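Okay, thanks for coming, everyone. Have a look at the structure first, and then I'll talk you through a few spots.

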Amino acid sequence: MNKVMSNKWFITLYLLPALLLLTVLIFIPLLLTGYYGLMSWDGIGAMSFIGLDNYINVVQDATFWQSAGHSFLLALFSTLSLLLYLAVSLILASKIKGANVFRKVYLIPMLLSSVAIAQLWIKIYNPSNGMLNTMLGWIGVENPPLWLADPSIVLYSIFIPILWQYAGFYILIYYAALKGIPETIIEAAKIDGASPLQIALRIKLPLIMGVIKVTIVLAVVGSLKYFDLIFVMTGGGPNGASEVMASYMYKLAFGSYNFGYGSAVGFALLVITLIVTYIVRRLTANKEDIQY
Amino acid sequence: MNKKKAITLMSTCSLVSLLAVGCSNGSGGEASNGGAETIEFMHLWPQGSSAEHHRIVNEIVADFEEESGISVDMQVLSNEQYKDQITILSASNSLPDVGMTWAAGYLDPFVEGNKFAPLDDLLEDGLREEFVAGTLEAYEKEGETYGLPLELNTVYIYYNKSIFDDYQLEVPETYEEFEQVINTLKEENVNPIALGNGDRWTGSMWYMYFADRIGGSETLTSAIDRSGSFEDEALVEAAAKIQEMVENDSFVSGFNGLADEEAKSMFMNEQAAMYMIATWDLPNFTTNEDIPQEFRDSVGYFTFPTVDGSGDAKSYVGGPGVGLFISEDSDVKEESKQFATYFVEQWGERAVSEAGVLPATTVDSDALDLPDMYVDVLNDLNEATNLTLYADVQMSAATAQTHLDLIQSLFGLEITPEEFAEANENALADE
């Protein structure tokens, strides 16, 4: 087998199908999107070339920057919530009773589709007969918040289901990484008299730092292009208060029949995501990861 | 060594065959079905959400196939998916031969892009006279008709008779009486009006009625077609009336975050006394067996009240719903026209009696055994003095989005009536 793997022809042959698929399904559409951004096009009739007008408009579009702001807020929130996931994983990975049950409980949201989660939370947030406000009513809250209707809090109302939705995914990753740490290292630390907190902070976290970095990139990139839950729950409303870059792009292309401009927004989204990913990678790329 | 070779060989073979399969599928091309013509037909009434519509479509298609020997290949999508799909198909020049479209502003890009076939030749042999006046016109662009309307809807306020009886409330005829009804309901801790303004067009209908009653039937329409202005005093006042109602807590709390479906379910679960919607929901209040009989019996309707002594109660907001288009690029245009004509005629006969849908073609209500509410609505339609097409349908897609966003801000008390009018005017002027 080693001989095969060192044969350049075989390497090419094995990589080719994936490369072909990526080119056809990802790279060509990406370039096309950038190209459509140069057009005035309603998505149906003929295209006409208008140069960089769409891109210039994107840069000057207050609504775009507002939705970009919401996307960044979501990215920040997702990154912070990684701390919570990490804490949960550290507890689960230490030998507590029922860890298996908890692990499965946290995984369940991951098994549901985004639309189902959105529908569930729409019901929970219903201002007059939803679970949340009914419970607030029991404890005597007179004017409970209008979770999805109040522009000042709608974004945060949506963050909660997103936190809930991705908990299982990240906890699973962290859990697996923590379980991969050799028991002998922990044993040695215990013998040296390290407290559980010290073990967690000084030994376990540094050892899984590589994984943590990957999850930060995943969380940031995932947040910047986040779409589905927001689209189903509020459609970006009320009045743009929960609009993110991807939902704005969708609205332009399919709601306003402005495919050219929508494509430009989509391309801007790509560029922003690439830049942010690069920055995040630079920030998290310090010295070599600890090997064991 | 032999084993390694075998593995190499096997994996190479599998890889090559995988590529080969991929290629052969790609070049496969279209299948033909032995001579008989096939029409592709796309509609937006899935079995789940529109069971009756779905059933009748299937019946009509089956009958047509039997009579004509032409087969019909159907594709069914739900409303929002349908809208996305039709745009994508249109952009790639692969529209179905016959499909459904909306009227007025929605048609523009399709007509300008030469995607829909003009249908006037098809209307010549008496078909034109079958349609209710005003419906076919909504599908006209520059003197040519591009769609055959299937539905006609008018907007009413539905109310729960048993709730009204409990508090000795009368159906309001003026805005003042309407306010009193709302105030009484609030005092009794009943939600007055269910509204799902997360969808925004729901709020637009309330606005349109105020505009109609205060400014008359022409003001809003002429503001949209640019013969008038959105900053007309009546249109500003209509916006002010909306905010007056919001400030008076007339609508259920959190309406800006509710979908229309949620508002509807509040009304249907008797958690709100009133609900404004178009007649497409009539089946839920009359014939739909899934809804408890007791509830259906307790639903009544009234037209939007007059405001400050002005307004014509026989002037309605409404218009045709979906209509059929025929693709300009269709290979089977003649057969498609035959099918579209057949469909419209059959639909007119079966829609009211079987699905409880008001068709865009005229119906002889005496000859049919219909629930009382249908007969009343059909009579109202006969006496209607005006039918104002939904504002967002009249506008182009981009302006409609702006208008709908503004509606949400207006209801959310984020902008003043003057700002609302000005922003609408600017959006329309920028066209």
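Predicted model: local features only at pLDDT ≥ 70, side-chain atom pairs only at ≥ 80, totals over all residues.

Residues are numbered from 1 along each chain as its sequence is written, chains are lettered from A and ligands numbered from 1 in the order in which they are written, and side-chain values use heavy atoms, with hydrogens and water left out.

The axes of α8(A), residues 154-179, and α11(A), residues 209-224, come within 10 Å and cross at roughly 165°. Those axes are lines fitted to C-alpha atoms, for helices over the stretch in contact, with angles from 0 to 180 degrees between N-to-C directions. Helices here are DSSP runs of H or I, at least four residues, and strands are E runs of at least two, numbered from the N terminus. So α8(A) and α11(A) are roughly antiparallel to each other, a label that takes an angle over 145 degrees.

Who meets whom? On the α8(A) side you've got Phe169(A), Tyr170(A), Ile173(A), Tyr174(A) and Ala177(A), and they meet Val211(A), Ile212(A), Thr215(A), Leu218(A) and Ala219(A) of α11(A); contact means heavy atoms within 4.5 Å. By class, that's 9 nonpolar, 1 polar and no charged residues. Ala, Val, Leu, Ile, Met, Phe, Trp, Tyr, Cys and Pro count as nonpolar, Asp, Glu, Lys and Arg as charged, and the others, Gly among them, as polar.

Over to chain B. Ser327(B) lies in the loop between β12 (323-326) and α15 (333-355). Is Ser327(B) buried or exposed? Buried, because its relative accessibility is 3%; the cut-offs are under 20% for buried and over 50% for exposed, partly exposed in between, with a 1.4 Å probe and protein chains only. Its side chain reaches the backbone nitrogen of Asp329(B) at 3.2 Å.

Zooming out, chain B comes to 19 helices and 13 strands, and buried residues make up 55% of its 431 residues.

Last stop: Asn143(A), in the loop between α7 (131-138) and α8 of chain A. Asn143(A) counts as exposed, at 72% relative accessibility. From Asn143(A) to Pro127(A) is 9.9 Å, C-alpha to C-alpha, and they are 16 residues apart in sequence.

That's my tour, thanks.

Key. Parallel < 35°, antiparallel > 145°, perpendicular 65-115°, else oblique. Polar contact = N/O pair within 3.5 Å; in protein donor to acceptor, adjacent residues only side chain to side chain.
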